[in-house]
Amino acid sequence: MKALIAFFKAGSPWSIIIALLVLVLAAVPVAAVLGLLSLGLDQVYMRGRLIRAMGENTWEQQKNFLLIAIPMFILMGEIILRAGIAKRMYDAVAGWLSWLPGGLMHANIASCAIFAATSGSSVATAATIGTVAYPEIEKRKYNESLFLGSIAAGGTLGILIPPSINLILYGFITDTSVPELFLAGFIPGFLLSALFLLIILIACLIRPEWGGERPTVTWGDRLRSLPDLIPPLLLVFGVMGSIYGGIATPTEAAAVGVLFSMLLAMWTRRLSIEMLKGAFESTMRITAMIMLIILAAVFLNFILGFIGVTQSLIGFIGELGWSPLQTMIALVIFYLILGMFMETLSMMLTTVPVVFPLVVGMGYDPVWFGILVIVLMEAALITPPIGVNLYVVQGIRTQGGRFNDVAKGALPFVLMMIVMVVLLIAFPDIALFLPQQFF
Amino acid sequence: MDFLDRIYRSLERISLFAAWMGGLSMLLAAVMIVIEVVGRKIGGLELFGVALPSFRVPGSDEYAGYVFAGATTWAYAYCLIHRSHIRIDALYNLFPLKVRAVLDVIGLALLGFYITILTERAWVVLLGSLEKGSRAATPQQTPLWFPQTVWVTGLTFFTIVTLFVCFYALICLVTGRTGQVQQIAGTMSVQEEVASETKGVLEMKK
């Protein structure tokens, strides 16, 4: 401990940044890195006074009512996942969209978008739709790379289209209204889906052989498949409606969603003790993973506030003499590069507390910035070498293949995300229009 | 070695049971919250000329918070045994197995160090509540020692599991059983991660 203090004191703040990087790259659990960093900073700058608040601070966060929405939405998604509606939903969406050049790739994007609305997780979305869609590549002779890319990219919509666990976390750490963030996510979510469809369409018009054979679907089939879309849509309207109808808070709406998903599983006759055990295991595993990091990040934030790191950073940017737009562009580039190497959840929880006051200080809207960060995180999910969704999609390839196929196939979609970022900066109302109507 | 493995298996079973209980209690908390929301909304409404009763679940949000705190802390150990606590493995994956095993032990030791301090601070909070007879600043005036005991014991269990797995992994490392270290303390491979994510979907297909 003494050596650690001496090390920190020797050449701060660079020594701190170096220590942080070494620990992170040595694959020390992120929560432990953040926790130890807080304790170290406290020892050096506050003579260990803040550690006394650690217990109370943790207890307060651990029972926070807003955060309860996280396990609730995860549980809802896990039950829906096991209710057996994914395959039927995918087929229904495919019936409506597969006449387009690019065929089922459009269905990948659209069913990811719909599924995203019932689940707060990108990984679950990509894994579910991917497992359902994968056999079609060989059956209908698609360009494998682009097809896999569309699943990886579509899966990222899960964190943008509400309910989104990442938006709840952003709202929590920046004290921004979660209902407003959810509303703000809708239009960018659909716009980004549309951009994805557009790039597939363009790619397949240039190279028709990429698009595979289109299935023949009659209008009768399409109409008959409609009821399969009702359960997910009902869930979305139920959950979102109860928030915006002023009936429920996000946590209460999530609880409603949990019960609704139980009813749905009962209706599809999938509800069983075994199924619930599986859902509980996943839910608690993911919740524990998220909460351990949040607690450490919140405590670090508390300490950074005391030390005044944010203030000195704002001063530093001020000295550079950058305009707000230049700073924003620098931030976007910073996030794109960081996102290539860092896991997204820890990326958001470690950077946003520092960056947020800076951005809001320059006059940007907190809700708008939340949406921008989420789109950048979506890019992080599908940019190599570290992109969780790329791994997930690689993992569903039962026939195997090179990881590069997936990474290459995802690139056009990264491009569309950058287009989305530019659109958001140029027209902030894309995100802010809906919240302004309600609040 | 056998002895350590037996302890590991029992800790695994306890943590799995804790995860089930945690999930179940979150589900029950959801039911409680929904009853509260419905009760709050239908009160005063009339259905076929009959006034609906307004019913409330006093303190449902407070109790849900306690359930959340207890369920989550008791799930930390489960998350650890499933090697699901987030680690950045960009560089890690490039190293040979032996180096990774060393990093696994170091990572666990640092996590154990942090968690031990956190747990110690949590005990201070609990003992303080017991001594002062602290109650929640809500109409329910819940005695805080009760939910805090669930919370602190969960954290303590997590600390014990972390330190034990660290010790076990260290023993495996020095006796040259690198593969075993990977199995109990390594990061999840892509295949394992996907298997755990798609489990539900595959169950569905059967």
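1. The structure, a predicted model, holds 5 cavities of 30 Å³ or more, where a cavity is a set of points, on a 1 Å grid over the protein atoms alone, at which a 1.4 Å probe fits but cannot get out. Volumes are the space filled by probe spheres set on the points, with grid points joined across faces, edges and corners. Because the model is predicted, local features need pLDDT of at least 70 and side-chain atom pairs count only at pLDDT 80 or more, whereas totals for chains, interfaces and linings use all residues.

2. The largest cavity contains about 120 Å³ of space, and of its 14 lining residues (those with an atom within 4 Å of a point) the closest to the centre are Leu80(B), Arg83(B), Arg87(B), Leu108(B) and Ala185(B). Helix H3(B) gives the most to this lining, with 4 residues.

3. The second largest cavity, of about 60 Å³, is lined by Ile85(A), Arg88(A), Pro227(A), Asp228(A), Pro231(A), Trp267(A) and Thr268(A).

4. The largest pocket (an open set with protein on both sides within 12 Å along at least five of seven lines) holds about 1700 Å³ of space. Among the 44 residues lining the largest pocket, Ile17(A), Leu20(A), Leu313(A), Phe334(A) and Val354(A) are the closest to its centre.

5. Residues are numbered from 1 along each chain as its sequence is written, chains are lettered from A and ligands numbered from 1 in the order in which they are written, and side-chain values use heavy atoms, with hydrogens and water left out.

Methods:
Helix = DSSP H or I, 4+ residues; strand = E, 2+ residues; numbered from the N terminus.
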